[in-house]
Amino acid sequence: MATDTASELRERVPLHKNPLQVVQDRRVEQQQEDGEEGELGFRQHMLAGSLAGIVEHVAMFPVDTLKTRIQMITSPCGGSGATAAATVGSSSTISRSLVSLLKHEGPLGLYRGVGAMVLGAGPSHAVYFAAYEECKRRFEVDGGGGGGYHPIAHMSAGACATIASDAVSTPMDVVKQRLQLKNSPYAGLGDCVRKIARSEGLRGFYASYRTTVVMNVPFTGVHFATYEAAKKALGELQGGGGGVGGMSEEHLVTHVVAGGSAGALASAVTTPLDVVKTRLQCQGVCGAERFSSSSVLEVARTIASHEGVGALFKGMMPRILFHTPAAAISWATYEAGKSFLQRWNG
């Protein structure tokens with residue numbers, strides 16, 4: 001009887017397995033239950049997203065500075081009269097702004113405000129990508145199972161991600177924009193933060209939050225839907241996984257091409273909203289126009305009535321030039337970070 005009992009126990013309890021093997025088996029089971037993305041947790045998505053945001057914005061910061069200068073061209077913080085007279089968003093406007101900046105401020109002028117950007121981009125992109133991955137997973141399940149292309153799920157996940165991340169990034173984005181201005185009255189990051197807090201309070205840091213969300217919700221909706229669609233199309237090119245040059249969904253070139261396409265389209269269609277956001281963030285600085293309301297429509301009407309409808313498209317070319325490579329860099333860095341962390345987990 002005792003012998004039989006011991007045999008039964010041995011069958012039930014795998015005593016021949018060491019503890020490490022048991023842990024490894026459990027990890028494999030958990031990964032199978034969670035699927036491919038289950039290898040990464042929320043914090044690891046935040047880490048990969050933070051890295052992607054910093055790399056993207058540092059690489060493209062000079063273009064962002066030119067875009068801000070062009071959008072503020074009618075104020076004393078903008079450019080010269082010759083620059084203002086140039087066609088909105090034309091290559092001549094960009095080249096004149098660049099030459100003027102380098103002549104009067106030197107190469108370091110292109111990176112004025114980069115410290116504020118780094119402080120904001122890391123945490124905001126961490127929230128951005130982590131929230132997107134979590135929402136996408138949940139929305140895809142609700143919409144009929146994971147995997148494949150679910151545009152409504154991807155657009156909804158992008159909208160949720162930007163609402164969360166903009167709450168983190170807007171204060172530092174305000175500081176960055178003001179430091180980027182020509183003849184900026186601020187000595188540096190700390191001086192800018194202190195003066196905004198003293199003269200405008202917390203509201204000054206969030207003056208453009210509503211506009212930023214209104215702009216970024218359609219931006220991220222178009223961006224993520226285009227990215228996922230382009231990634232799927234490239235992955236299926238020439239018969240799926242093989243593709244041209246082995247262009248599967250997880251190939252680096254796929255992320256670069258899909259990300260760049262998404263960034264170009266999304267930045268072009270949301271330029272008027274970005275102009276409104278920039279004007280709100282920089283209102284009152286060294287003579288820039290102040291607005292009585294932070295309403296997007298009201299500010300847009302004011303700009304159009306004072307400067308013409310074309311003013312709402314100022315900076316479109318540098319905006320596209322910024323977001324196309326920026327999105328490609330961001331997605332490639334993010335996916336590379338995810339791959340590294342997945343191998344680390346293994």
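A: The answer starts with the setting and then turns to the core.

This is a predicted model, where local features need pLDDT of at least 70, side-chain atom pairs count only at pLDDT 80 or more, and totals for chains, interfaces and linings use all residues. Residues are numbered from 1 along each chain as its sequence is written, and side-chain values use heavy atoms, with hydrogens and water left out.

The chain has 14 helices and 0 strands. Helices are DSSP runs of H or I, at least four residues; strands are runs of E, at least two; numbering is from the N terminus. Of the 346 residues, 46% are buried. Buried means under 20% relative accessible area, with a 1.4 Å probe and protein chains only.

Now the core. A nonpolar core is a set of buried Ala, Val, Leu, Ile, Met, Phe, Trp, Tyr and Cys residues joined through side-chain atoms within 4.5 Å. The largest one holds 19 residues. F129, Y132, W331 and Y334 have the most contacts inside it. Six elements each supply at least two residues of this core: α3 (42-71), α6 (114-142), α7 (151-180), α10 (209-236), α11 (252-269) and α14 (316-345). The top contributor is α6, with 5 residues.

Take W331. Leaving aside neighbours within four places in sequence, W331 is in contact (heavy atoms within 4.5 Å) with F129, Y132, H223, F224, Y227, H255 and G259.

Another core, of 14 residues, lies apart from the largest one. Its members include M172, L181, C192 and I196.

Notes:
Buried < 20%, exposed > 50% of the residue type's maximum accessible area, 1.4 Å probe, protein only.
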